[in-house]
Amino acid sequence: MMEGKAALKQLAPYQQGKQIQEIKQMYNLDRIVKLSSNENPYGYSDKVKQFLNEYIPSFDIYPDGYTKELRSVLAAKLNAQETELVFGSGSEEIVQMICRTFLYEGVNTVMATPTFPQYKHNAIIEGAEVKEIPTVEGYHDLPAMLAAIDKKTNVVWLCSPNNPTGNPMAKQEFIQFMDNCPDNVLVVLDEAYYEYVDPNKDIQAINEINNYQNLIVLRTFSKAYGLAGLRIGYGIANEAIVTQLNIVRGPFNTTSIAQQIALVALEDDDFIQDTKAKNLEVKLSFQQFLHDIDWGYYPSETNFMLVSTPNSGTELFEYLIQHGFIVRPGELLGIPNTIRLTLGLKEDMERFQQLLVSYNKS
Ligand SMILES: *Cc1c(COP(=O)(O)O)cnc(C)c1O
């Protein structure tokens, strides 16, 4: 039998949740509300829909590996240089590219726990040692993360707002961290939920790319833009970092259609604003509900919430799935006795709340 890298023995393939069709059959349900992966419950821009009605793809031709058109538009929008952008098949692929570029046996990497699991997964594949620093009430413990950095540290992962807690990082603390972090350590700031963050709480991290040569910011079209199935995300960093990532990147890693649609999606800021406003309304009303039933939750600047549950999160997960709602049990995310749920449509959230009330009584 062929043996892969030794590190693979510690890992397992990504276990995705059950597919909607499967659950429908299993529990004899007509409709399933998927609140487990933080997709946009409002879908995506009508401009994208319109575009798709008229778009005649030429799938016979390789995509533009440089992503030139999208690159120009995005650079202008972000007030960045075109050479400061790198594209991936989702920001997840950029996580993978960062690990492949900067991690190997003998070096280590520092991250929070719990946080987005793909940092650790890919770091282990590259043979790096992983140093995990527990969050404090869901917030990154930045002083402890700084203290964990040593001569062998190559990459530090920051996720703001953090997944699975939803907590945002304060700008001042981020700046303080960057000022004290050695400049030969790459700092990855994953902003997958950037569009949801209250502007008063936003780090404005892209503006710091010029101040810190060792910073890369990750963004995605999968969450607020509602294009998770399209697989496109990007990183912003100084050219020296981007050039190295581009060596590792597959030459045609984003599809032609993903590039085109991302361009159209970028034109529709109203859609993002609308999503954001609806999400905020649902969030505030759900938080009020949680107060009323006396359940705790983590502060969130995203389209999901981590909620404390009276018993195990897995138990509530089982109850909810039988009634047509899929959430993520905290036991799978490293925070027992919680569930993480995407904030859904208003009417679905009302039904969801009724279920929590019934669950509380049972
Ligand atoms: C969803 C998510 C991603 C991955 O997004 P893709 O662009 O779809 O790969 C990255 N980081 C965090 C924190 C996420 O929640």
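UniProt, in an unreviewed entry, lists Lys223 under "modified residue: N6-(pyridoxal phosphate)lysine". UniProt positions follow the numbering used here, feature names are shortened, and annotations may be inferred rather than shown by experiment. The structure is a predicted model: local features need pLDDT of at least 70, side-chain atom pairs count only at pLDDT 80 or more, and totals for chains, interfaces and linings use all residues. Residues are numbered from 1 along each chain as its sequence is written, and side-chain values use heavy atoms, with hydrogens and water left out.

Start at Lys223. Lys223 sits in the loop between strand S7 (215-220) and strand S8 (233-237). Helices (H or I, at least four residues) and strands (E, at least two) are DSSP runs, numbered from the N terminus. Is Lys223 buried or exposed? Lys223 counts as buried because its relative accessibility is 13%. Buried means under 20% relative accessible area, exposed means over 50%, and partly exposed lies in between (1.4 Å probe, protein chains only).

Which residues does Lys223 contact? Leave aside its neighbours within four places in sequence, and Lys223 is in contact with Ser37, Asn38, Asn40, Ala192, Tyr193 and Tyr196. Contact means heavy atoms within 4.5 Å.

Take Asn38 from that list. Asn38 is found in the loop between S1 and H2. The phi angle of Asn38 is near 60°, a positive value in a residue other than glycine. Asn38 counts as buried because its relative accessible area is 0%. Now look at Asp294. Phi of Asp294 is near 65°, again positive in a residue other than glycine. Asp294 lies in the loop between H10 and strand S9 (304-308). Asp294 counts as exposed because its relative accessibility is 68%.

Next, step back to the whole chain. UniProt lists residues 32-351, in an unreviewed entry, as "domain: Aminotransferase class I/classII large". That span is 38% helix and 17% strand, and its end C-alpha atoms lie 12 Å apart. The domain assignment gives another division: domain 1 (6-44 + 270-360) and domain 2 (56-267). Such bounds come from an automatic or database domain assignment. The centres of domain 1 and domain 2, taken over C-alpha atoms, are separated by 25 Å. The contact takes 28 residues from domain 1 and 29 residues from domain 2.

Tyr42 and Lys278 are 236 residues apart in sequence, but their C-alpha atoms are 9.0 Å apart in space. Tyr42 is found in the loop between strand S1 (33-34) and helix H2 (46-54). Not counting residues up to four places away in sequence, Tyr42 touches Phe271, Thr275, Lys278, Asn279, Val282, Gly344 and Leu345.

On a 1 Å grid over the protein atoms alone, a cavity is a set of points where a 1.4 Å probe fits but cannot get out; a pocket is an open set with protein on both sides within 12 Å along at least five of seven lines; lining residues have an atom within 4 Å of a point. Grid points are joined across faces, edges and corners, and a volume is the space filled by probe spheres set on the points.

The second largest pocket has a volume of about 410 Å³. It is lined by 20 residues, and the closest to its centre are Lys77, Leu78, Tyr194, Glu195 and Arg219. Helix H3 (68-78) and helix H10 (269-293) each supply at least two lining residues. H10 gives the most, with four. The lining divides into 10 nonpolar, three polar and seven charged residues. Ala, Val, Leu, Ile, Met, Phe, Trp, Tyr, Cys and Pro count as nonpolar, Asp, Glu, Lys and Arg as charged, and the others, Gly among them, as polar. Why does this pocket lie between domain 1 and domain 2? Both domains give residues to its lining, so it lies between them.

How many cavities of 30 Å³ or more does a search of the whole structure find? The search finds one. The largest cavity holds about 50 Å³ of space. Its lining includes Ser160, Pro161, Tyr194 and Lys201. By class, this lining has six nonpolar, one polar and three charged residues.

Ser160 and Pro161 are joined by a cis peptide bond, with omega about -10°. Pro161 is in the loop between strand S5 (153-159) and helix H7 (171-180). The peptide bond from Thr113 to Pro114 is also cis, with omega near 0°. Pro114 lies in the loop between strand S3 (108-113) and helix H5 (118-125).
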